[in-house]
Amino acid sequence: MPDVRVLPADAWSRAVADAFVERLRAEPRLRVCLPTGDTPSPLYAELASRDVAGDVSFAQATVVLLDEWADLPPGDPARCDVRLRRELLDRLAPPPRFVAIDVDGSDDETAARAHDVAARELDLALLGLGMNGHVGFNEPGSRPEDPTRLARLAVSTREAAMARYGAAAMPSAGITIGLGRLLEARELWLLVTGARKASILRRTLRDPEGPDCPASYLRRHGRLIVFADEPAASLL
Ligand code: PGA
């Protein structure tokens, strides 16, 4: 069973930030994969304020982006690189090295292959949990050995880009670090908040693993920590 840490909702971002700061202090050259989405936003606000306060420095770290829409224009507010810069990276001084996904310069296959190289040898990967059990853009049907690749998006994921993240148009595909690479990271943290995630978190952790819920494969990892708030953990 993974290490599941259940936290009061109003203490969640501070507690995860405490764990992250401790990790970064112990390993300043941390090579970490970061997601975007509503779940990590309060964590990033907390980490940015710790950086400003001088409690921690990202200067020697490398941040590798988890996923990116393949067909949103540069600067679109829903772009994962835009969000991560806005919510965290641009607020860090000095900033870490940032490895984005080159969806503007290269064709998709080339960009995915290059990012697959960057996704090797991660010390830590932080991941959000989709309402359909996806992690990154590893949608239902994904396999635990999948590499970084161009992936078709579930309708709910495409709709979220516009309805929840403010994209100017509906994207059709994304490039994501694959489950195979994520399972090779030294450590995984699954971040889950809110009552609406309670049932998919239960599915992820309690039912047999399977391609209908790609996040369930994360349980294969020997060092998976789930940071859930109380509403998200309410069905466990
Ligand atoms: P959310 O998205 O953090 O905005 O809920 C998570 C996901 O769909 O991966």
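By buried I mean under 20% relative accessible area, by exposed over 50%, and by partly exposed anything in between, with a 1.4 Å probe and protein chains only. Helices (H or I, at least four residues) and strands (E, at least two) are DSSP runs, numbered from the N terminus.

The model is predicted: local features need pLDDT of at least 70, side-chain atom pairs count only at pLDDT 80 or more, and totals for chains, interfaces and linings use all residues. Residues are numbered from 1 along each chain as its sequence is written, and side-chain values use heavy atoms, with hydrogens and water left out.

I begin with helix α5, residues 155–163, in which Thr157, Ala160 and Ala161 are buried. Viewed down the axis of α5, the buried residues fall within an arc of 105°, taken from the directions from the helix axis to the C-beta atoms, so they line one face of the helix. Val155 and Ala163, on the other side of α5, are exposed. Strand β4 is included in what covers the buried residues of α5, where contact means heavy atoms within 4.5 Å.

I turn now to strand β9, residues 188–192, where 5 of 5 residues are buried. Leu188, Leu190 and Val192 point one way from β9, and Trp189 and Leu191 the other way. In a regular strand the side chains alternate between the two faces of the sheet.

Strand β6, residues 124–128, runs parallel to β9 and is joined to β9 by 4 bridges; two strands pair if DSSP finds at least two bridges between them. Leu126 stands opposite Trp189. With strand β10, residues 224–229, β9 pairs in the parallel sense over 5 bridges, and Val192 stands opposite Ala228.
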